[in-house]
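Subject: Structure for your review

Dear colleague,

Please find the structure below, together with its sequence. The notes that follow set out what was found in it.

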Amino acid sequence: MLDPVLIANAVVSGLLLGCLYAIASMGLAVSFGMLDVVNIAHPAMMVLASCVIAALCAPTGFDPLLAALLIAPVFGLLGAGLYRLYHLYFERRGDEAMQGLAFFFGLMIVIEVSLVLVYGADQRWVETGYGGLSLGLGPVGLPLRMLLPALMSLACIAALLLWLRRSFTGRAVAAVAQDRDALRFLGADPIRIKTVAFGLSVALAAIAGGCLIVVQPVDAHSGHVFIGRVLAVVILAGLGSLPGTLVAALVFGVIENVTATLFGPAWSPAVAFSLLLAVLALRPQGMFGRAHA
Amino acid sequence: MNGRMTRRGFGLLATAAAVSAAAGRGVAQAPAGEPIRIGFSMPLSGALAGNGRPALLAQQVWAEDINARGGLLGRSVKLVFYDDQSNGANVPGIYTKLLDVDKVDLVISSYGTALIAPAMPVIIRRGMAFVSLLGSSTNEMFKYGGTANISPVGRRMNVDFAKGFFEIARGLNPTPATLSIAGLDSDFSNRAMESARWQAREHGIRVVYDRAYPPSTVDFSPIVRAIRSAAPDLVFFASYPPDSVGLLKAAGELKLTAKMLGGGMVGPQVTAIKAQLGAQLNNLVCWDVYAPEPTMTFPGTAAFLDRYRAAAEAKGAETLGLYAPPLAYAQMQVLEQAVTRAGSLDQAAIGAALHREAFPTIIGELRFDQTGEWVEERNIYIQYQGVTGNDLAQFKQPGTQVILYPPQYRSGQLRPGFPAA
């Protein structure tokens with residue numbers, strides 16, 4: 001017989017896990033979904049941020065979530081510079097499809113090898129004061145190791161959505177995804193807007209890195225676990241839909257954990273990715289994407 | 001060198017092995033001629049690098065030692081190695097390159113079953129003698145005659161591996177009646193779980209939870225919650241380093257309790273994970289290959305650890321060296337002795353020498369059966385006791401990793417219950 005407490009815990013822990021997937025996917029949703037830049041190195045950038053944060057926080061005791069907020073602008077600037085290179089050598093020449101993909105794949109390898117050379121092959125982690133603690137809501141347990149990154153993730157996503165809707169640059173980012181030529185009529189430079197947006201996506205990778213290092217230790221190759229998941233979440237949501245990315249990530253997390261609880265963890269990826277296939281079969285544009293005319 | 005070894009001959013070899021590890025640099029004739037090139041791949045990056053890098057360092061210590069002693073067959077030794085990135089798909093290409101392009105004279109394996117098995121077809125096709133490191137019955141399928149495996153799991157891993165865990169549990173009062181099993185869906189862990197099921201049947205213990213999880217698992221709380229819900233007396237995990245941390249963290253957060261918890265966890269042996277988990281390791285009963293207890297001393301072990309730790313300190317590598325390094329050094333000692341006994345680089349003669357006689361090494365005397373596995377398995381189970389904070393120096397001292405099984409190495413008493421009170 002199904003144990004309702006077990007199911008309730010599985011749903012709640014799935015929501016917390018989904019929040020981690022959401023912040024890990026949100027940057028890719030901006031770069032891939034809105035800018036059409038398939039940044040396959042996004043999870044590696046997230047792990048890079050985790051390692052930098054671990055190096056900063058492990059000896060000082062500084063909180064990794066706060067550290068993520070501090071290093072996010074630096075990552076944003078690096079991302080902006082990276083986009084300029086990508087634009088100069090690939091996008092401007094119309095080579096962004098396969099060669100651009102190869103560029104980001106190569107970048108992923110370079111990041112991973114650099115991490116091994118700089119930080120070694122061992123796992124990196126940060127001890128936090130809340131690491132082993134849990135909050136109890138009746139029979140439902142909320143480990144702070146998962147809860148605080150989830151709250152941080154939701155806060156950052158809310159701020160991002162607000163910025164995209166309220167600010168001129170934010171609206172321009174949404175516009176550049178749809179019609180870059182029309183954007184010129186408004187006096188905005190689409191390349192500058194895309195530079196800002198790509199920088200933002202890399203800054204989000206830094207914040208996701210802060211959340212990740214609280215949730216689990218990382219090594220140089222930890223990003224591999226997330227490549228399939230973040231791409232699946234972005235596609236499941238529908239390209240360009242940021243609220244949809246949040247919902248898809250939460251659905252992904254809940255399905256993984258409920259399946260693990262009811263049928264065993266070996267079935268989790270199979271069921272979650274089957275959902276992706278089913279949604280794509282029924283709604284090729286994703287759950288929240290707009291159908292092409 | 002044919003026939004059975006005499007007691008005197010064995011004594012000489014044992015002394016030589018101990019002295020080689022102890023002195024490192026003896027007075028010997030300088031090696032002459034072209035160096036003997038020993039080729040292998042090793043996980044220097046990726047998930048298994050935490051064990052691969054220390055293993056390589058131990059092999060380099062051996063190379064220094066043997067060159068200082070006059071080399072192998074009078075020639076110096078040179079290691080030729082490549083990073084297989086913990087990816088089995090890279091291994092066949094590396095060994096093909098080692099044999100065809102680098103023209104190495106001898107080959108040894110990478111670390112672990114997942115990286116040994118992909119090399120086997122290349123090795124068998126070329127008829128090379130092959131000393132492997134920490135495989136789990138890898139040769140069971142290939143049945144290749146020219147191999148020896150430096151791993152204490154023995155020939156019947158799917159039966160014997162968990163025996164120690166259940167023998168220890170038998171001493172609990174009241175006797176445990178239920179068991180939960182969870183492990184990674186990989187070759188080593190699957191064999192470990194199979195052994196746990198076999199032993200549970202033998203001991204009349206009912207399995208109330210039995211699941212494998214995929215390598216991509218991020219959140220271990222559903223597994224731990226399901227185990228907690230089943231309320232078993234014993235919990236047997238068969239995990240790899242990243243998931244061992246995830247499982248133990250989730251167990252702590254969700255307050256999973258058991259009369260005994262541990263099993264075939266690969267992870268707590270890794271220095272970085274010892275530092276990370278610290279006191280959370282207390283009362284964990286875990287499979288291991290070596291522990292610095294007074295009951296488990298062999299000629300040369302302490303001297304090797306001193307040499308290894310000095311080298312590791314200089315290179316910024318892991319400094320405990322208790323898991324893969326002694327076995328990696330023993331791997332090279334077995335190769336050295338087999339080549340010396342064969343008297344040449346003839347691969348068939350070296351392969352035959354691997355199975356004929358005992359090999360004195362820094363991890364004790366090793367004897368291999370025809371499949372290359374140890375004639376007698378030596379899975380040890382230790383319990384972490386009295387660990388405080390995250391200081392690594394405590395793990396160099398006796399008393400923190402108390403050996404509970406097998407009886408001949410037993411160094412202390414079981415502290416029942418997990419987590420520690």
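Because six of the six residues of β8(B) are buried, the strand is largely enclosed by the rest of the structure. Helices (H or I, at least four residues) and strands (E, at least two) are DSSP runs, numbered from the N terminus.

This is a predicted model, in which local features need pLDDT of at least 70 and side-chain atom pairs count only at pLDDT 80 or more, while totals for chains, interfaces and linings use all residues. Residues are numbered from 1 along each chain as its sequence is written, and chains are lettered from A and ligands numbered from 1 in the order in which they are written.

Strand β8(B) is joined by five bridges to β6 (residues 178-184) of chain B, and the two run parallel. Within chain B, B:G183 stands opposite B:A238 of β8(B). Six bridges join β8(B) to β9 (residues 260-265) of chain B, again in parallel, and B:S239 is found opposite B:M265 of β9(B). Two strands pair if DSSP finds at least two bridges between them.

**The five-stranded sheet of chain B**

An open sheet of five strands has the order β2-β1-β3-β4-β5 (chain B), with parallel pairing. Its edge strands, each pairing on one side only, are β2 (77-83) and β5 (147-150) of chain B. From one strand to the next the twist averages 20°. Within this chain, β3 (residues 106-111) and β4 (residues 130-133) of chain B run parallel and are joined by three bridges; B:V107 stands opposite B:F130 in β4(B).

Two helices may be described with these strands. Helix α2 (residues 49-68) of chain B lies across β1 (36-42), β2, β3 and β4 of chain B and runs at about 165° to β2(B). Helix α3 (residues 91-100) of chain B packs on the sheet, where it touches β1, β2 and β3 of chain B, and its direction makes about 170° with that of β1(B). Axes are lines fitted to C-alpha atoms, for helices over the stretch in contact, and angles run from 0 to 180 degrees between N-to-C directions. Two residues are in contact if their C-beta atoms, placed from the backbone, lie within 7 Å.

**Backbone geometry**

Most residues other than glycine have a negative phi, and most peptide bonds are trans. B:K103, which is not a glycine, has a positive phi of about 55°. B:K103 is found in the loop between α3 and β3 of chain B and counts as exposed, with 10 C-beta neighbours inside 10 Å. B:A231 also has a positive phi, near 45°; B:A231 is in the loop between α10 (221-230) and β8 (234-239) of chain B, and its 13 C-beta neighbours inside 10 Å make it partly exposed.

The peptide bond from B:Y405 to B:P406 is cis, with omega near 0°, and B:P406 is placed in the segment after β14 (401-405) of chain B. The bond from B:F418 to B:P419 is likewise cis, with omega near 0°, and B:P419 lies in the segment after β14 of chain B.

**The contact between the chains**

The contact takes 28 residues from chain A and 30 residues from chain B. On the side of chain A that touches chain B, α1 (4-34), β2 (140-143) and α10 (242-263) of chain A are the elements that give two or more residues. The most come from α1(A), with five residues. This side of chain A divides into 14 nonpolar, eleven polar and three charged residues. Ala, Val, Leu, Ile, Met, Phe, Trp, Tyr, Cys and Pro count as nonpolar, Asp, Glu, Lys and Arg as charged, and the others, Gly among them, as polar.

**Confidence**

The model scores ipTM 0.85 and pTM 0.85. Over residues 1-27 of chain B the pLDDT is below 50.

With kind regards

Technical notes
pLDDT = per-residue confidence, 0-100. Buried ≥ 20, exposed ≤ 12 C-beta atoms within 10 Å, placed from the backbone.
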